[in-house]
Amino acid sequence: MIGRPTIHLDDLRWVPGQYGVARNNRLVFDEVVEAAKAEAWLMEGVYGWLAEGVLGRTTTLVCIDLPEDECVANATARGNQGGGSEKGLKELIEWIKEYRQRENSSTSYSGHQKLFDAFVGSKIIFRNRADIVAYIECVRAMTA
């Protein structure tokens, strides 16, 4: 996609073929830390507790802060993932809707904001798709 190995945290978090069934936290954390030892990588996901393990090797922290209704529409259009269920999809949509209200969670808006504020490297927040697309095109041009 943009010339970097991509680590999807959902792929590590959930049992393969059983999206929504969590794997052991320590095992997942260790795998994420190990993946970040590569020379270059792109990591994506909403797990602040996993991000904390790799921030020391992160050169740029990108936060995508789209409106919840847009995120709900994306999840609905994507449908069930990797062996997930209709019930799991409904739970995900509720989780998305509660994102800004959740407290004391590394997967909440406030948790992500704390990570972002504390990060001392290069950081960017995108709040619309046009800016995301422009940034990706810029990165692609630099890594081609």
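Where is D65 found in this structure? D65 sits in the loop that runs between β3 (60-64) and α4 (68-78), where helices (H or I, at least four residues) and strands (E, at least two) are DSSP runs numbered from the N terminus.

Before I go on, please keep in mind that this is a predicted model, in which local features need pLDDT of at least 70 and side-chain atom pairs count only at pLDDT 80 or more, while totals for chains, interfaces and linings use all residues. Residues are numbered from 1 along each chain as its sequence is written, and side-chain values use heavy atoms, with hydrogens and water left out.

Let me stay with D65. With a relative accessible area of 11%, D65 is buried, a word that here means under 20% relative accessible area, whereas exposed means over 50% and partly exposed is in between (1.4 Å probe, protein chains only). Setting aside neighbours within four places in sequence, D65 is in contact with R100, Y109, I125, F126 and R127, contact being heavy atoms within 4.5 Å.

One of these partners is R127, whose side chain meets that of D65 in a salt bridge of 3.4 Å, N to O; the term stands for a side-chain nitrogen of Lys or Arg within 4 Å of a carboxyl oxygen of Asp or Glu. Because R127 lies in the loop between β4 (122-126) and α7 (129-143), the pair ties together parts that are 62 residues apart in sequence. R127 itself is partly exposed, at 47% relative accessibility.

By this rule there are 10 salt bridges, and a second example is K87 with E91, where the closest N and O atoms are 3.0 Å apart. K87 is exposed, with 58% relative accessible area, while E91 is partly exposed at 47%.

Now to the nonpolar side chains. The largest nonpolar core has 12 residues, among them I7, W14, V28 and L50, and such a core is a set of buried Ala, Val, Leu, Ile, Met, Phe, Trp, Tyr and Cys residues joined through side-chain atoms within 4.5 Å. Both α1 (9-13) and α2 (25-35) supply at least two residues each to this core.

Finally, the cysteines. How many disulfides does a search of the whole structure find? The search finds 0, a disulfide being a pair of cysteine sulfur atoms within 2.5 Å. The sulfur of C71, for instance, is 10 Å from the closest cysteine sulfur, in C63, and so is too far for a bond.
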